[in-house]
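Open the model in your viewer and keep the selection tool at hand.

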Amino acid sequence: MNRAVCARCGASRAEFREVCSACGYRAEGEGVLVAWLLSSAHFDEKQLDAAAERIKKGEPLRPTDAMFDRARKALGEDLSTDQGLSTAQRVGLLVLSLLVTPLPAWLVAVWWWRARPRAAMQALALAVPSSAAFVAFWLWVVLG
Ligand SMILES: [Zn+2]
């Protein structure tokens, strides 16, 4: 039987994506990963009971990076399923990188390294050459 423990109040519900009927909490973003970790897909009954107990006592949950990785894999956000950046996003990032600063491409790459690996790699593929072009351009401007 499916069971998921609410990360906010410790009540049980059947599906980890459902709204908690006890407190109305709905997991979003990283919270969905935590919600999955607190479900029967990841924990057995005993572990779920223990987690619910901790949450009810107000003890903080501190999932490790490895646990987050496992949740991401289970929820399908890895290289094979991440659709990456759209063409418009890539063109926008490239134009921005060349005309203003390559920093956003680097930020995207770092920011999405775990959650959106394909998008992050695409951003990196833009960031590296546009940084080189950017530096070369400014050296040319400064050094004349
Ligand atoms: Zn709740």
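**Stop 1: H4 and H5**

Select residues 87-99, helix H4, together with residues 103-111, helix H5: their axes come within 7 Å and cross at roughly 130°. Angles of 65 to 115 degrees count as roughly perpendicular and those over 145 as roughly antiparallel, so H4 is oblique to H5. The model is a predicted one.

Now show the side chains of Leu 93, Leu 96 and Ser 97 on H4; they meet Pro 104, Ala 105 and Val 108 on H5. By class, this contact of H4 with H5 has five nonpolar residues, one polar and no charged.

**Stop 2: H5 and H6**

Which residues of H5 and H6 make the contact? From H5, select Ala 105, Trp 106, Val 108 and Ala 109. From H6, select Ala 120, Ala 123, Leu 124, Leu 126, Ala 127 and Ser 130. Nine residues of the contact of H5 with H6 are nonpolar, one is polar and none is charged. Ala 105 and Val 108 were also selected at the previous stop, where they meet residues of H4.

**Stop 3: the two domains**

Zoom out and colour the chain by its domain assignment, which gives domain 1 as 4-74 and domain 2 as 87-143. Taken over C-alpha atoms, the centres of domain 1 and domain 2 are separated by 36 Å.

**Stop 4: H1 and H3**

Go to residues 30-37, helix H1, and residues 65-74, helix H3. Here the axes come within 9 Å and cross at roughly 95°. H1 and H3 are therefore roughly perpendicular to each other.

On H1, pick Leu 33, Trp 36 and Leu 37; on H3, pick Met 67, Phe 68, Ala 71, Arg 72 and Ala 74. These residues make the contact. It divides into seven nonpolar residues, no polar and one charged.

**Stop 5: H2 and its end**

Finish with helix H2, the 13 residues 45-57. From first C-alpha to last, H2 reaches 18 Å, close to the 18 Å expected at 1.5 Å a residue. Then select Gly 58, which follows H2: its phi is positive, near 80°.

Notes. Residues are numbered from 1 along each chain as its sequence is written. This is a predicted model: local features need pLDDT of at least 70, side-chain atom pairs count only at pLDDT 80 or more; totals for chains, interfaces and linings use all residues. Helices (H or I, at least four residues) and strands (E, at least two) are DSSP runs, numbered from the N terminus. The expected span of a helix is 1.5 Å times one less than its number of residues. Axes are lines fitted to C-alpha atoms, for helices over the stretch in contact, and angles run from 0 to 180 degrees between N-to-C directions. Angles under 35 degrees count as roughly parallel, over 145 as roughly antiparallel, 65 to 115 as roughly perpendicular and the rest as oblique. Two residues are in contact if their C-beta atoms, placed from the backbone, lie within 7 Å. Ala, Val, Leu, Ile, Met, Phe, Trp, Tyr, Cys and Pro count as nonpolar, Asp, Glu, Lys and Arg as charged, and the others, Gly among them, as polar. Domain bounds come from an automatic or database domain assignment.
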